Amino acid sequence: MQQPWPDRLWIIRHGESAGNVARDAAQAAGIGRIDIAERDVDVPLSALGVEQSAALGRWFAAMPEAERPDVVLTSPYQRARHTAELMQAAGGMPVAPGDFVVDERLREKEFGILDRLTRHGITELHPDQAEFRRILGKFYHRPPGGESWCDVILRLRSALDTISLHHGGRRVVIVGHQVVVLCLRYLLENMTEERILAVDREADVANCSVTEYRFDPALGKGGGLALHRYNFVAPLERAGAPVTDEPDAPVATR
């Protein structure tokens with residue numbers, strides 16, 4: 001019987017983006033809109049994000065080749081794809097960028113009418129949505145034109161089925177976004193709403209941090225993936241690259 005899960009699964013949040021920097025500037029200035037020219041899908045890495053991505057690639061490159069990722073899945077968003085490309089260029093993955101699997105199910109959570117708004121902007125322009133979120137909670141609140149965490153989880157269930165079907169026994173790296181990292185934890189560890197929101201409250205997922213699972217044949221019927229480390233930033237610290245953890249999303253709706 002084929003092993004149903006990868007031997008190892010690394011889930012990585014992209015490096016710091018220009019959107020992260022612009023969101024911080026808007027929050028600090030107390031203004032309602034985040035100044036980003038591009039569509040969210042096209043937002044690039046910041047100069048620091050490039051540095052972080054290369055540092056993480058060097059960390060993977062220091063592993064024996066037989067232990068490095070041999071399957072690369074990435075969100076279609078530019079900041080995620082570029083992170084994966086920089087990691088590969090630094091020697092971290094013996095997989096050519098042309099062989100990366102770009103999977104739209106790994107994309108950022110969609111914010112609909114709240115896109116590019118700070119907490120102040122949401123309260124000022126869409127007070128009804130701020131109230132709906134307070135009542136429903138961030139797990140279930142879906143802004144018009146956007147997604148709830150549950151919506152993200154539904155598409156990630158499908159992505160995990162694909163990984164299990166096509167990449168059993170492989171060493172798989174996923175490059176995605178903060179909410180994707182958290183929602184994959186929810187699924188892989190069979191969490192409750194309360195538990196994953198508690199994890200989220202503890203700390204933001206750092207840019208270019210590593211969440212790693214290893215296959216354990218003793219878990220469940222046929223084995224399963226056991227969490228080995230979460231929000232691991234030592235590769236950046238060792239390389240001297242500053243650690244950042246700015247949310248991608250408007251603070252009030254992440």
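# Rings, burial and contacts in a predicted model

User: Hi! How many aromatic pairs does a search of the whole structure find?
Analyst: Hello! The search finds six aromatic pairs. Keep in mind that this is a predicted model.

User: Why is the pair of phenylalanine 139 and tyrosine 140 called edge-to-face?
Analyst: Their ring centres are 5.1 Å apart and their planes stand at 75°. Centres must lie within 6.5 Å for a pair, and planes over 60 degrees apart count as edge-to-face. Both conditions hold, so this pair is edge-to-face.

User: What makes the pair of phenylalanine 139 and tyrosine 186 tilted?
Analyst: Here the centres are 5.4 Å apart and the planes are at 55°. Stacked needs an angle under 30 degrees and edge-to-face one over 60.

User: How do you know whether phenylalanine 139 is buried or exposed?
Analyst: Its relative accessible area is 2%. Buried means under 20%, so phenylalanine 139 is buried. Tyrosine 186 is buried too.

User: And why is tyrosine 140 called partly exposed?
Analyst: Tyrosine 140 has a relative accessible area of 46%. Partly exposed runs between the 20% limit for buried and the 50% limit for exposed, so tyrosine 140 belongs there.

User: What makes the charged end of arginine 185 sit over the ring of tyrosine 230?
Analyst: One part of the test is distance: the charged end is 4.4 Å from the ring centre, and the limit is 6 Å. Arginine 229 sits likewise over the ring of phenylalanine 232, at 4.3 Å from its centre. Phe232 also belongs to a cluster linked by ring pairs, with Trp10, Trp59 and Phe60.

User: How do you know whether leucine 188 is buried or exposed?
Analyst: Leucine 188, in helix α7, has 18% relative accessibility. That is under 20%, so leucine 188 counts as buried.

User: Which residues does leucine 188 touch?
Analyst: Leaving out residues up to four places away in sequence, leucine 188 touches Trp5, Leu9, Ile11, Leu160, Tyr213 and Leu225.

Methods: Residues numbered from 1 in each chain as written. Predicted model: local features only at pLDDT ≥ 70, side-chain atom pairs only at ≥ 80, totals over all residues. Heavy atoms only, no water. Buried < 20%, exposed > 50% of the residue type's maximum accessible area, 1.4 Å probe, protein only. Lys NZ or Arg CZ within 6 Å of the ring centre and 35° of its normal. Helix = DSSP H or I, 4+ residues; strand = E, 2+ residues; numbered from the N terminus. Contact = heavy atoms within 4.5 Å.
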